[in-house]
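Here is a briefing on one structure. Please read it alongside the sequence and the coordinates.

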Amino acid sequence: MGSRHALLVERGVEPVRPRFLAPDPDYYGSPTSTLTYDGVTGNSLEFFMSVRNETDTFFKGFIGGGWLGGGSLDDEDYFAGQVKFSDTYSRIDGEGTFYVTLDVGQDFDVGYSGNLVISPFVGFNYWQESMSAYGVRCNRDDVGGAYCGAPGTMVVGFGTEAINNKSMWSSLRLGTEITARLLDRVTFRGDAAFLPAAYLMNEDSHYLRSDLGRTPNIEDSGTGWGYQLEGELKIDVDDNWTLGAGVRYWYAETGGISDFVNINVESDLQDFKSERFGVFGNVSYRFSTF
């Protein structure tokens with residue numbers, strides 16, 4: 001499956017539970033720091049399965065993983081009044097993704113001879129992504145480059161790893177699958193799930209910030225929400241083999257706490273958002289057991 005990924009991290013300086021003297025929150029903006037990972041592309045391989053019994057109770061799931069690359073990191077920092085005193089560009093190169101979804105539910109035939117089936121389910125999703133950003137190049141800011149340099153200035157070459165981000169979402173899924181037979185051998189399958197509880201654990205490793213200590217030097221956590229959508233067209237080649245193609249979109253967001261683990265400071269994680277959009281193709285084999 002090919003996919004496009006985006007990630008937004010916004011942190012404020014307001015201390016939540018300071019364990020030593022934190023920076024003056026009146027001096028910095030809110031948010032204080034914004035990291036935007038955008039245009040990241042990926043490819044993954046996944047395995048899926050679905051089992052139904054004679055009472056139309058089903059268990060389905062898939063597991064997959066792959067690699068990420070391309071795209072950019074825009075790292076912005078603000079003084080009070082949202083005066084941008086630093087704006088830098090880094091290239092994304094490397095790292096990958098891993099995910100697993102497990103659902104259990106019940107089929108309800110609401111059409112004629114199985115032409116329309118509605119299948120509510122409850123499930124679990126784990127979604128992990130890791131991205132590495134290389135180099136630091138100055139963008140235009142609001143203070144004339146006083147801290148970073150003139151736009152285009154290379155502070156660190158693109159051959160040096162600057163930041164690694166590893167986000168891990170664990171989510172409860174409540175949703176419904178709809179299966180509609182359009183033609184004799186053509187079926188549409190749609191899947192929509194709401195994530196009422198999406199727990200984030202995120203690790204940031206800032207390799208060029210010796211003042212933050214050993215990596216990972218920032219750990220973010222919080223419980224938010226999200227949703228996951230999927231649509232697919234399936235063609236039955238014969239009674240057992242099926243070809244499919246579709247699209248998938250995932251979204252999750254949360255606030256929470258950013259823990260600067262080596263300097264004993266916790267600050268406000270104002271906004272953390274993850275998005276994934278992709279297209280996929282698959283081949284499946286159906287076992288006839290009853």
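**Aromatic pairs**

Phenylalanine 98 is partly exposed, at a relative accessible area of 33%; buried means under 20%, exposed over 50%, and partly exposed in between (1.4 Å probe, protein chains only). The model is predicted: local features need pLDDT of at least 70, side-chain atom pairs count only at pLDDT 80 or more, and totals for chains, interfaces and linings use all residues. Residues are numbered from 1 along each chain as its sequence is written, and side-chain values use heavy atoms, with hydrogens and water left out.

- The structure holds 19 aromatic pairs. Rings of Phe, Tyr and Trp (its six-membered ring) pair if their centres lie within 6.5 Å; planes under 30 degrees apart count as stacked, over 60 as edge-to-face and the rest as tilted.
- Phenylalanine 98 and tyrosine 126 form a tilted pair, 6.3 Å centre to centre, with 55 degrees between the planes.
- This pair links distant parts of the chain: phenylalanine 98 sits in strand 6 (residues 96–106) and tyrosine 126 in strand 8, 28 residues apart. Strands (E, at least two residues) are DSSP runs, numbered from the N terminus.
- Tyrosine 126 counts as buried, at 18% relative accessibility.
- Tryptophan 241 and tyrosine 285 have ring centres 4.9 Å apart and planes at 65 degrees, so the pair is edge-to-face.
- Tryptophan 241 belongs to strand 12 and tyrosine 285 to strand 13, 44 residues apart.
- Tryptophan 241 is partly exposed at 42%. Tyrosine 285 is partly exposed at 39%.
- One aromatic cluster is formed by Tyr27, Tyr28, Phe79, Phe85 and Tyr147.

**Strands 12 and 13**

- Strand 12 (residues 241–260) and strand 13 (residues 265–285) run antiparallel, joined by 19 bridges. Two strands pair if DSSP finds at least two bridges between them.
- Glycine 246 stands opposite phenylalanine 280 in strand 13.
- The hairpin has four residues between the strands, and asparagine 264 there takes a positive phi near 55 degrees.

**Disulfide**

- A search of the whole structure finds one disulfide, a pair of cysteine sulfur atoms within 2.5 Å.
- Cysteine 138 is joined to cysteine 148, S to S 2.0 Å.
- The torsion about this S-S bond is about -90 degrees, so the disulfide is left-handed.
- Cysteine 138 is in strand 8 (residues 116–138), and cysteine 148 is in the loop between strand 8 and strand 9 (154–181).
- Both cysteine 138 and cysteine 148 are buried.

**Nonpolar core**

- The largest nonpolar core has 26 residues. Such a core is a set of buried Ala, Val, Leu, Ile, Met, Phe, Trp, Tyr and Cys residues joined through side-chain atoms within 4.5 Å.
- Tyr37, Leu73, Ile92, Ile163, Trp169 and Phe272 have the most contacts inside this core.
- Among the contacts of leucine 73 are Tyr37, Ile92, Ala133 and Ile163; contact means heavy atoms within 4.5 Å.

**Two buried asparagines**

- Asparagine 165, in strand 9, is buried with a relative accessible area of 1%.
- The side chains of asparagine 165 and asparagine 202 make a polar contact of 3.2 Å. A polar contact is a pair of N or O atoms within 3.5 Å; within protein, one must be able to donate a hydrogen and the other to accept it, and residues adjacent in sequence count only if both atoms are side-chain atoms.
- Asparagine 165 and aspartate 204 are 39 residues apart in sequence and 4.7 Å apart in space, C-alpha to C-alpha.
- Asparagine 217 lies in the loop between strand 10 (186–206) and strand 11 (218–236). Asparagine 217 is buried, with a relative accessible area of 0%.
- A polar side-chain atom of asparagine 217 lies 3.4 Å from the backbone oxygen of glycine 213.

Conventions. Lists of a residue's contacts leave out its neighbours within four places in sequence.
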